[in-house]
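Have the model open while you read.

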Amino acid sequence: MPIDITMPRLSDTMQEGTLIKWRVKVGDKVSAGDKLADIETDKATQELEAYDDGTIAFLAAEEGATLPVGGVILVLATGDEKVEDVAAQAKSSGGGGAKSKPAAKKAEAKGSSSSSGDSGGSATAVLEAPTDEETETSSAGSAGGAGGARLRVSPLARKMAEDAGLDVAKIKGTGPDGRVIKRDVQAAAEGKGAGGGSAKPASGSGAGAPVMPAIKLESKLIKVTNMRKTIARVLVESKQTIPHFTVTMSVNIEPLMSLRSTLNGQLESQGVKLSVNDFVVRASALALAQHPIVNSSWAPGGEGIQIHGEVNVGVAVALPEEKGGGLVVPTLRNTTSMGLRQISSETKRLAKKARDAGLSVEEMSGGTFTISNLGMFGVDHFTAIINPPQAAILAVGAGQEKPIVRDGQIVIGQEMSMTLSADHRIVDGATAAIFLQTLKGLLENPAAMLV
């Protein structure tokens with residue numbers, strides 16, 4: 001009997017998920033454990049795995065569609081069932097109707113567990129978002145045909161055409177019954193090319209005045225992803241409920257850059273390349289061990305200050321715009337026991353996974369302190385918002401050459417700015433300053449971090 005695979009509940013707060021990318025197509029044979037799709041939850045983008053063997057008969061949602069937990073994602077044909085028959089049955093029933101096995105029961109994102117609150121075994125939810133291949137909408141008075149003939153076009157294709165400034169009625173559809181679908185709009189947009197109209201000279205300009213190229217801007221509403229909604233909610237809550245204050249200190253990083261160059265030369269044959277941020281993570285972990293109050297949280301209900309038994313440093317990672325942007329914070333657990341090489345390899349691994357496949361909830365949980373580094377973008381100074389319930393976050397700027405006074409002489413030195421944002425309920429100003437002094441001392445004498 002066909003099997004409906006439904007939107008799993010991948011976190012305890014998840015109500016809906018967005019299908020970011022299909023990893024299969026109709027006709028593909030899959031086995032338990034195969035990757036089916038990338039699903040964006042309210043916390044991360046995670047991989048959806050198959051929990052049964054079968055053949056993909058019907059994809060019930062297009063990329064970009066948001067479905068409620070329990071909504072049908074795809075239908076599997078099993079045994080000797082024909083893919084065409086299963087697909088026809090699924091289409092006639094509105095996207096589901098097969099034997100339903102909620103993905104939240106068996107299929108789960110790699111590294112995460114299902115919520116006990118999932119409605120496993122419930123009736124299959126009717127799909128709210130129509131698919132690209134199936135949707136047809138009536139467009140009265142369009143160029144699709146005389147007398148207001150029906151124009152068959154999917155909602156995604158219509159939106160893409162509007163964004164690209166294309167007349168959807170003039171696009172030849174290649175979908176079922178001539179429907180205009182995503183690939184048709186993409187092909188039309190590529191055929192249109194990047195050439196714009198000729199620029200018009202500004203009114204009142206004299207003969208021979210230079211003609212400025214026209215700048216075309218577009219006003220549009222961008223749909224907010226689940227991750228962006230969560231970021232907005234958490235950061236607003238942080239600024240409204242946590243009394244932030246900031247302390248900034250500059251660090252002479254010439255000794256660090258010299259040691260880094262020496263170590264990278266020695267480790268090059270092993271494929272290891274240490275970054276400045278690796279040293280910052282190592283130094284922060286050691287400084288936090290010396291100042292446990294900064295490695296703490298405000299207890300729920302204000303009952304006290306929770307000092308954490310280990311240092312787990314989170315490193316902020318920006319996601320690419322083509323994946324919807326956003327920010328995730330993978331956690332380096334028990335960072336005080338990690339050397340520079342291990343910090344480097346683990347940070348690179350988690351950052352790559354965050355951008356390619358998505359992190360599990362476990363890989364982003366348990367952090368006790370966060371580092372946000374914008375130095376690679378040339379930012380010399382900024383302040384970061386605390387990641388609740390942590391007590392502090394460190395914002396790191398770029399290392400810059402600048403004139404400094406050393407032994408009464410003006411010389412060119414290389415300095416880096418660090419700004420600590422701290423929860424004033426937990427950390428006093430003097431405490432924050434002393435913590436930064438310790439951190440500064442470690443970075444300016446980096447050999448101490450090697451022992």
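Contact here means heavy atoms within 4.5 Å of each other. With that in hand, look at the contacts in this predicted model between residues at least 6 apart in sequence: 64% of them join residues at least 24 apart.

As for the chain as a whole, you'll find eight helices and 20 strands in it. Of its 451 residues, 45% are buried, where buried means under 20% relative accessible area. The chain exposes about 22,700 Å², and 53% of that comes from carbon and sulfur atoms.

Now for the sheet. Four strands make up an open sheet, in the order E5-E4-E2-E7, and the pairing is antiparallel. Which strands stand at the edges? Those are E5 and E7; each has a single partner strand, so one side of each has no neighbour in the sheet. From one strand to the next, the twist averages 40°.

Strands of a sheet pair through backbone hydrogen bonds, and they can do this parallel or antiparallel. Here, E2 and E4 run antiparallel and are joined by four bridges.

| Element | Residues |
|---|---|
| Strand E2 | residues 16-22 |
| Strand E4 | residues 35-40 |
| Strand E5 | residues 45-49 |
| Strand E7 | residues 66-68 |

Technical notes. Residues are numbered from 1 along each chain as its sequence is written. This is a predicted model: local features need pLDDT of at least 70, side-chain atom pairs count only at pLDDT 80 or more; totals for chains, interfaces and linings use all residues. Side-chain values use heavy atoms; hydrogens and water are left out. Two strands pair if DSSP finds at least two bridges between them. Helices (H or I, at least four residues) and strands (E, at least two) are DSSP runs, numbered from the N terminus. Axes are lines fitted to C-alpha atoms, for helices over the stretch in contact, and angles run from 0 to 180 degrees between N-to-C directions. Buried means under 20% relative accessible area, exposed over 50%, partly exposed in between (1.4 Å probe, protein chains only). Accessible areas come from the Shrake-Rupley method with a 1.4 Å probe; for residues, only the protein chains shown count as cover.
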